[in-house]
Amino acid sequence: MSHPYAQTGLPTALPYTDEHAIFRSSARRFFETEVAPKQAEWEEAHLTPRSIWKRAGELGFLCPRLPEQYGGAGADFLHAVILAEEQVRSGAIAPMYTLQSDVVAPYLLQYGTEEQKQRYLPAMASGDCIASIGMTEPSAGSDLQGIRTTAKRTKDGYAINGQKTFISNGINADLVVLAAKTDAAAGARGVSLFLVDTATRGFSRGRNLKKLGQHAADTAELFFDDMRVPEEALLGGIEGRGFPQLMDRLVEERLMTGVVSVAMIDRALALTIQYVKDRKAFGQRVLDFQNTRFTLAEAKTEAAVLHAFLEQCILDFMAGTLDPATSAMLKYWSTEQQNAIVDDCLQLHGGYGYILDYPIAKMWADGRISKIYGGANEIMKDIIGRTLGGRTR
Ligand SMILES: Cc1cc2nc3c(=O)[nH]c(=O)nc-3n(C[C@H](O)[C@H](O)[C@H](O)COP(=O)(O)OP(=O)(O)OC[C@H]3O[C@@H](n4cnc5c(N)ncnc54)[C@H](O)[C@@H]3O)c2cc1C
């Protein structure tokens, strides 16, 4: 049975089965009925309630790819794609489920000790533990080697001091996968990752930052003041592995950014095609202006091209062969196109496109960050550029 894309009806080469189709329809129901209608309330609060994390856990929509022994369903990557696509399709920007399921959980699964996996993964899958990743600091974002947070050895563990900013899920987080320097003199080799429980003394949260978009998602400053953690908090139990661990995991994060960006393009197109069919100007539908048709034809073509590239990246990832440069190309190009197409779609809405009652206005504001987070697009180009020969840094 072939399963076309949810939003475009385009044929797909991805190996979807009937089970994926059932999973998609229950995910769609969840996002449409339980998540999207609450966005306005959560935007006011700048936070999602813990109950909606628990609910996603109950329904099997958190960390479904984890093996059953850690609370998951042993699902394949296409389940992650479906969840991200359906969340975007519903217009619900929060909660940041993919951060939990597709960014943080894989760190533990891939690098954690058995004790670390048992301690956190089942709770992440049930929604009892909300997780975040703490890399960025006020003075170090793109240049992660420049982080200043330190983890100094004590008699029985580490003392952590420093500060993080822009941390998604930061207000809700029970667990932070924290990047800190265990050896300040060793550059990239001196960075380690820690599993930090936010109930520990010495941890505090700063502001829930007010953002241009994504208002329902919490993004916070975090502070660590002589926070004592046991040796067992070091991810994988070996110091100095943080940087390669981060670099390795970023491939999947960039792929998921691509999935979300392409889904945003599909949604923007669907909304705009409907709008220009309904809206009249100069005695005709806005769709009947050649400019409108050309703009949307260009966007539809770009969407089809991007779908083909995204599919190839997904297939490569599932085969274990997606490389950092190709994932950087996907992240760079999909987010550039998402922003350009959403902007064109907003233009075709006229003044209504600037009014937040219209979803295209929110998409414009919510989507802008995609060119910056998960590695700024300039960094993506740098990664791609390094494959051209010459500089190898
Ligand atoms: C809403 C939101 C959520 C976020 N979530 C998280 C999170 O959960 N965890 C986390 O750790 N971080 C998170 N971040 C941080 C995000 O990853 C960083 O903002 C991003 O990596 C860029 O770092 P910076 O802001 O320090 O910018 P800088 O590093 O100061 O860069 C500024 C600009 O300089 C240019 N630039 C920098 N370096 C180069 C270069 N080598 N070559 C060319 N140009 C360059 C780029 O144009 C870049 O955009 C989030 C940020 C936001 C806004």
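Biologist: From which domains does the shell around the ligand draw at least three residues each?
Modeller: This is a predicted model, in which local features need pLDDT of at least 70 and side-chain atom pairs count only at pLDDT 80 or more, while totals for chains, interfaces and linings use all residues. Residues are numbered from 1 along each chain as its sequence is written. Domain bounds come from an automatic or database domain assignment. With those bounds, the shell takes at least three residues from each of domain 2 (132-240) and domain 3 (244-388).

Biologist: Which residues come nearest to the ligand?
Modeller: A residue is near a molecule or strand if its C-beta atom, placed from the backbone, lies within 6 Å of it. There are 22 residues around the ligand, and those that come nearest are Met135, Gly141, Ser142, Ser168 and Glu378.

Biologist: Which elements give two or more residues to that shell?
Modeller: Helices (H or I, at least four residues) and strands (E, at least two) are DSSP runs, numbered from the N terminus. The elements that give two or more residues to the shell around the ligand are β1 (131-134), β3 (157-168) and α11 (377-385).

Biologist: How do the residues of the shell around the ligand divide into nonpolar, polar and charged?
Modeller: Ala, Val, Leu, Ile, Met, Phe, Trp, Tyr, Cys and Pro count as nonpolar, Asp, Glu, Lys and Arg as charged, and the others, Gly among them, as polar. By that division the shell around the ligand has nine nonpolar, nine polar and four charged residues.

Biologist: Which element gives the largest share of the side of domain 1 that touches domain 2?
Modeller: The C-alpha centres of domain 1 (18-129) and domain 2 lie 23 Å apart, and the contact (C-beta atoms, placed from the backbone, within 7 Å) takes 21 residues from domain 1 and 20 residues from domain 2. On the side of domain 1 that touches domain 2, two or more residues come from each of α2 (39-45), α5 (97-111) and α6 (114-126). The residues of this side divide into 12 nonpolar, six polar and three charged. The largest share, five residues, is that of α5.

Biologist: Is Cys345 buried or exposed?
Modeller: A residue is buried if 20 or more other C-beta atoms lie within 10 Å of its own, exposed if 12 or fewer, and partly exposed in between, with C-beta atoms placed from the backbone. Cys345 lies in helix α9 (residues 324-348), and, leaving aside neighbours within four places in sequence, Cys345 is in contact with Ala268, Leu269, Thr272 and Ile360. Because 26 other C-beta atoms lie within 10 Å of Cys345, this residue is buried.

Biologist: Where does the cis peptide bond between Ala94 and Pro95 place Pro95?
Modeller: The bond that joins Ala94 and Pro95 is cis, with omega about 0 degrees. The place of Pro95 is in the loop between α4 (77-90) and α5.

Biologist: What radius of gyration does the chain have?
Modeller: The secondary structure of the chain comes to 11 helices and nine strands, and buried residues make up 44% of the 393 residues. The radius of gyration is taken over C-alpha atoms, and the globule rule is 2.2 Å times the number of residues to the power 0.38. A compact globule of 393 residues would have a value near 21 Å, which agrees with that of the chain, 21 Å.

Definitions and conventions: Contact = placed C-beta atoms within 7 Å.
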